[in-house]
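Please look through the sequence and the model shown here, and then follow the account of the fold below.

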Amino acid sequence: MVDIVDETFVRAEPQTVRAELDLPGVLDRLWPGLQREIVQDRGTKGVRWRCSGEVDGRLEIWLEASGGGTIVHHFVHGRGQGSPSRWTQAHRRVWKQGLNEIKDRLEGRSR
């Protein structure tokens, strides 16, 4: 089983974070190997998907306004193909790197 829970604080309003995540290709880069079908679009509060591909299950991004910014909660839960622990480790690395690039851009930082 794959069960990932992650949180990242971004100093930007939820609608700004959501707009970044909605840009063409962003979610494909953050979730390579996963096809998504929207189950519930919650607007500036996030999105829930059914996923297939390398993991069959569900995904969610929950955007929580907090202290002058947004906590981006990220969940992946499902049955993985091959080694779930290896996939989880690779996914976390890709997710964090991509989300930190968005965070840096929105907060006016460069790496």
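Which residue in S5 is the bridge partner of Val 55? That partner is Gly 80, and the two strands concerned, S4 (residues 55-66) and S5, pair in the antiparallel sense over 12 bridges, where pairing requires at least two bridges found by DSSP. The model is a predicted one, in which local features need pLDDT of at least 70 and side-chain atom pairs count only at pLDDT 80 or more, while totals for chains, interfaces and linings use all residues. Residues are numbered from 1 along each chain as its sequence is written, and side-chain values use heavy atoms, with hydrogens and water left out.

Five strands make up an open, antiparallel sheet in the order S1-S5-S4-S3-S2, the strands being DSSP runs (E, at least two residues) and the helices likewise (H or I, at least four), numbered from the N terminus. Strand S1 (2-10) and strand S2 (34-41) stand at the edges with a single partner strand each, so one side of each lacks a neighbour in the sheet. From one strand to the next, the twist averages 20°.

Helix H1 (residues 14-21) packs on this sheet, touching S1, S2, strand S3 (46-53), S4 and S5, and its direction makes about 150° with that of S4; contact means heavy atoms within 4.5 Å, and angles run from 0 to 180 degrees between N-to-C directions of axes fitted to C-alpha atoms, for helices over the stretch in contact. Helix H3 (residues 84-106) also packs on the sheet, touching S1, S2, S4 and S5, with its direction at about 15° to that of S1.

Within strand S5 (residues 69-80) lies His 74, which is buried (under 20% relative accessible area, with a 1.4 Å probe and protein chains only), its own value being 0%. Not counting residues up to four places away in sequence, His 74 touches residues including Trp 31, Glu 60 and Trp 95.

Terms used. Buried < 20%, exposed > 50% of the residue type's maximum accessible area, 1.4 Å probe, protein only.
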